[in-house]
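Let's take a friendly walk through a two-chain model, starting where the chains meet. Please have a look before reading on.

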Amino acid sequence: MKEKRKGPLSRAAGLAEGMAATVRRMQREREPRVLLYDPAGYARLVQPEARGHARIMQVAEEMLGQVAERE
Amino acid sequence: MADTLTPERAAERLRGLSADVRGAVLLDAAGSLAGATDDDHDNAPALADLARRLFEEVDRATRDWDTEPPEQVEVQLPGGAVFASRTPRWTLAAVAKRGALSSLMLYDLRAVLGELEGGPAIRRSTSAEERARGPATEEHAAEELPMPELGGQ
């Protein structure tokens, strides 16, 4: 069980920890990755070493390049 | 009906729903370009070709999977993200800004395709100021309820 923080310094430390965890989670969510969703909406991650991962990433990068070129 | 969504307007409708969309294309069942966001007409054919290739690669990568073929794709990249969704008749692909919320993007893609397939039109809420111009009625209030009331008879 998480120890209850007492005092303003401890509470500030707790807030900082929470923010750091949020930043880490956001960074993790933005890491390059391929997710495929079945018709029911269940997601499946294509592992970087899996067949097709590199090609999917490459096509997506080209799509990004197309739009960036126009911008 | 004047407000019926046409394939030509579908990509622009998607961008209207999400400010994170940088460009989008719609393909028909044959993989041909059916619509694109307004400022993408020059490179829309190339973008459409890439969207078609994206699902080809996805199908190739998943042909041994014991699941149904993927309906939606999300690719996160350092400079942005690509989202795509398909039905038997249409494929809608979008290039989005970095940090676009996946769940919202996928929901919007599905909603636009659903509307294109003849589903209900996507309702956009109006600002309180706009609503205030008309008479406040119970019907108006009921329309604004996000969820049906639970616990009724």
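How many residues of chain B are in contact with chain A? Counting two residues as in contact if their C-beta atoms, placed from the backbone, lie within 7 Å, 34 residues of chain B touch 29 residues of chain A. This is a predicted model, in which local features need pLDDT of at least 70, side-chain atom pairs count only at pLDDT 80 or more, and totals for chains, interfaces and linings use all residues. Residues are numbered from 1 along each chain as its sequence is written, while chains are lettered from A and ligands numbered from 1 in the order in which they are written.

On the chain B side, these elements each supply at least two residues; helices (H or I, at least four residues) and strands (E, at least two) are DSSP runs, numbered from the N terminus.

| Element of chain B | Residues |
|---|---|
| β1 | 21-27 |
| α2 | 44-61 |
| β3 | 72-77 |
| β4 | 80-86 |

The largest share, 10 residues, comes from α2(B).

Strand β1 (residues 33-37) of chain A pairs with β3(B) in the antiparallel sense over five bridges; pairing needs at least two DSSP bridges between the strands. Here A:L35 stands opposite B:E74.

Within chain B, helix α1 (residues 7-17) packs against helix α3 (residues 102-116) at an angle of about 150°, with the axes 10 Å apart. Axes are lines fitted to C-alpha atoms over the stretch in contact, and angles run from 0 to 180 degrees between N-to-C directions. Among the contact residues are B:L14 of α1(B) and B:V112 of α3(B).
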